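Here are a few friendly notes to read alongside the structure. Keep the viewer open and look up each residue as you go.

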Amino acid sequence: MKININGKECIANEGDYVLQVARANDIFIPAICYLNDCSPTLACRMCMVEVDGKRSYACNTKVKDGMQVLSNTQELWDERNAIMQTYCINHPLQCGVCDKSGECELQNFTHKAKVDTQNHWIKEIDRRHKDWGLLQYDPSLCIVCERCITVCKDKIGDNELKTTARGGDAPDKDFKDTMGKDAYAVWTKFQKSLISPQNDKSLECQECGECVSVCPTGALINKNFQYRSNAWELTRIPASNPHSSDCELLYYDIKQKSIKDNSKMIYRVSNDFHFTTLNKAARFAYDITSDCKGKDTAEFNRLVLLFKENKIKNVKFNSYITNEEAYILELLRAKFGFNLVNNEALCFQEFLKTFCSFAGSFYNASSEDVKKSDFIVIAGSFLRHDNPTLSYKVNNAIVMNKGAGLYFHPIKDTKLSKIAKNFVNVACDYGKEAKVLEFILQYFAKDLPQDLGYIKEAFYEEQIEVEVKSKDAEGNEIKEKQTQTIKKSSLAKELGFDEDKLKDLLLKKSNFTLIVGNDYFYHENAKYLAYLLANIQKSTDFKVMLIPPRTNTLGVSLICKLSKACDGFTMGYNERGDFSFSNDEHNNLASSSLIEQEGTFVNYDTRLVPTNAALSFKGYFLNDLANELGLNAKYTIDYTEQLPKDKGFLNIAFDDLTNYYDNAGNNHRGYLINTCEFVKNLNQELQIPQNQQLACECNKDDVVILANPVGNLSKYTNKSSFFNECASLYASKDYLAKHNLKENSMVKIYDDKDEIIIKVVLDKDIENGAYLPTFDDKINPYKFFKTRRYYALNIKEISHE
Ligand code: SF4
Ligand code: SF4
Ligand code: FES
């Protein structure tokens with residue numbers, strides 16, 4: 001359809017708001033409180049427009065064909081001027097020290113609305129700063145636009161902020177006659193309210209920092225940035241989140257350290273909050289660069305020789321690596337014949353290949369599809385811990401689309417289950433992974449291959465009593481009880497799930513997404529799970545999304561030929577090895593961190609995205625090693641356009657890649673991988689995998705899973721001063737009670753071969769389990785978790801504080 005805004009004809013889609021259409025067409029309509037993908041709150045009224053001659057608000061007015069919109073009349077600007085005046089009443093004149101000065105929307109709109117007088121006044125009230133830990137709140141700067149509340153509820157899913165009484169006087173009624181209706185209404189509301197945590201005292205949230213990012217003024221500030229820099233002194237370096245596979249667009253804001261030391265440092269990470277959300281790791285784990293003072297030529301030459309003399313049998317690496325580095329490793333592997341070892345990526349790669357071979361295509365859902373879904377199933381992922389950014393998209397979809405869904409996981413995540421009452425946690429037991437997918441096939445598949453025919457037969461009969469109404473000879477209604485036999489799913493029964501509930505959850509739902517994570521890739525029955533999943537993509541209405549476990553697991557899986565380690569000398573690239581070329585503390589030769597390099601990642605949406613170096617690195621890059629070994633590229637990013645086309649890459653030069661969202665929210669980041677090309681060149685043997693009937697030998701009360709606390713995603717995030725934690729066993733309240741443990745006790749967790757002594761701490765957001773993290777290099781949890789993500793471990797208290 002077409003609408004007309006200020007004389008410009010604009011194409012619009014059914015359901016769009018006028019404000020969105022204006023933004024997509026580069027027409028400026030002032031708006032303070034509205035946030036993209038969130039429900040309009042009508043708090044600021046700055047977006048007032050004339051629609052077909054009537055006053056309306058651009059942020060909550062849906063388009064209609066032929067609509068005539070005016071947003072620039074003098075009358076509208078007069079009223080906006082009055083609103084901005086009310087925001088400025090008693091607003092402290094502290095712009096000189098305010099962290100938001102220079103990027104403050106209150107400043108900008110006061111200027112735009114040409115406020116040069118103050119016609120109103122009101123008695124001052126006590127407005128002391130509030131210390132909410134990481135977040136600092138200055139009520140005197142707050143204009144109660146409610147963006148912080150909205151983003152936390154509609155996007156993040158924590159719902160941790162609320163409005164509270166300000167305790168100020170109501171504006172004098174006489175002002176009503178001298179100012180516009182909207183201005184008076186905004187002022188009245190503003191005088192009544194402030195922001196506070198749900199419990200009125202402290203924040204109990206996941207500290208993503210998104211509320212600070214959306215705050216138009218300096219009312220909400222991160223403590224670690226407060227009073228450290230003026231906004232205009234910072235240079236913004238566009239990059240991609242190096243810590244998780246959303247690889248979301250972010251900016252490193254850098255400037256020199258001090259007058260004496262003009263080397264650069266990162267002061268904060270910022271984002272384009274209209275279209276992206278960052279997780280805690282992306283926002284705060286940025287001071288993790290290697291402390292490399294220069295090139296260690298002797299060690300470098302030793303490493304070169306080790307390769308040239310064919311001493312290196314394995315190169316062990318992880319997926320916190322760019323595509324270009326992965327490609328260099330692959331080229332070196334082809335030349336020298338060593339094993340490229342990355343166990344986690346190998347599991348994912350094998351899963352992906354099996355899935356693609358049987359589905360005949362790549363996984364077909366992206367995070368954008370998740371956002372559009374109204375029915376979401378999550379299986380095999382401890383979602384908020386594995387990929388917090390994707391959990392935001394799930395929350396956003398369920399909240400905004402009035403959606404429903406199922407979260408199959410033995411550990412209950414109480415924050416996820418609070419999203420909506422129609423988002424149900426099914427606490428299925430460990431070992432039932434295949435049953436979950438079989439049930440989805442049983443309930444939703446239109447067609448199944450013969451070998452899965454048993455799924456269609458997995459029913460049992462149940463007798464139920466029903467009340468039947470009929471009429472007697474005189475025509476009076478009578479009710480009688482009758483016994484009926486009904487067919488029920490034995491799979492649902494085994495999962496402990498009431499399938500009848502599903503009918504209600506599915507009412508009026510049409511966009512289905514199934515998200516699958518780590519538990520399935522890292523499982524001895526992974527091949528069969530991938531096969532079932534491929535059939536779900538082929539024969540149900542579900543779109544399927546896999547969550548690559550680490551930042552660039554997908555890129556590595558596309559590029560590298562991976563194998564298991566063999567005996568012999570191992571070079572660790574960012575991992576421990578007989579020779580470690582690494583940015584960890586224990587290295588023979590320092591390597592660069594992802595913040596010190598240019599390159600690309602493939603994110604979970606199968607999009608290649610570029611990242612830039614925020615800081616320079618003085619040591620050797622992998623590219624330097626490659627050049628000594630016979631490859632030839634001036635810069636690592638010279639490989640960007642050589643990335644293999646038969647794996648879906650597009651051979652576009654790094655400098656030609658863009659990295660932004662436009663005003664309409666369209667994604668202009670890198671390019672989408674040609675996944676058809678990858679699938680076409682797979683050459684997989686199509687032998688149908690067997691379902692291994694796994695004996696669930698474990699007592700489920702003893703099971704511990706491998707997972708990190710929300711945000712502290714890896715050894716890299718833990719290197720940052722923001723996290724810098726020692727590993728603990730994170731346990732639910734009921735787990736502590738079942739094992740008779742006290743919070744913060746030292747415990748021994750063990751099996752018949754190994755043990756770890758560790759502190760046990762309470763995670764109040766989970767029920768029914770415990771998890772052991774991977775972020776602490778000093779603790780090796782992998783000695784227990786060899787073929788699955790979960791394991792039954794004995795636990796014994798040693799001492800308590
Ligand atoms: S703290 Fe900031 S975002 Fe929240 S209501 Fe106040 S001004 Fe708006
Ligand atoms: S930091 Fe994140 S989770 Fe905490 S209140 Fe702000 S938006 Fe909500
Ligand atoms: S942006 Fe529309 S009311 Fe605030």
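The points below cover a helix, a ligand shell and some aromatic contacts.

1. Before you start, keep in mind that this is a predicted model.

2. Take a look at helix α10, residues 323–336. Eleven of the 14 residues are buried, among them Tyr327, Ile328 and Phe336. After the helix comes glycine 337, with a positive phi near 75°.

3. Which residues are around ligand 2? They are Cys152, Asp158, Leu161, Cys205, Glu207, Cys208, Gly209 and Cys211. Sorted by type, this shell has five nonpolar residues, one polar and two charged.

4. The model holds 36 aromatic pairs. In one of them, the ring centres of phenylalanine 175 and tryptophan 187 are 5.3 Å apart with planes at 50°, so the pair is tilted. Phenylalanine 175 belongs to helix α5 and tryptophan 187 to helix α6, so the pair ties together parts twelve residues apart in sequence. Both residues are buried.

5. Phenylalanine 444 and phenylalanine 512 make an edge-to-face pair, 6.0 Å between centres and 65° between planes. The former lies in helix α16 and the latter in strand β22, so this pair ties together parts 68 residues apart in sequence. Phenylalanine 444 is buried because its relative accessible area, 17%, is under 20%. Both rings are in one aromatic cluster, whose members include Phe375, Tyr443 and Phe542.

6. Finally, find two charges over rings: arginine 268 lies over the face of phenylalanine 225, 4.7 Å from the ring centre, and lysine 295 over that of tyrosine 620, at 5.5 Å.

Methods. Residues numbered from 1 in each chain as written. Chains lettered and ligands numbered in written order. Predicted model: local features only at pLDDT ≥ 70, side-chain atom pairs only at ≥ 80, totals over all residues. Heavy atoms only, no water. Helix = DSSP H or I, 4+ residues; strand = E, 2+ residues; numbered from the N terminus. Expected span 1.5 Å × (residues − 1). Buried < 20%, exposed > 50% of the residue type's maximum accessible area, 1.4 Å probe, protein only. Near = heavy atom within 4 Å. Nonpolar A, V, L, I, M, F, W, Y, C, P; charged D, E, K, R; others polar. Phe/Tyr/Trp six-rings, centres within 6.5 Å; stacked < 30°, edge-to-face > 60°. Lys NZ or Arg CZ within 6 Å of the ring centre and 35° of its normal.
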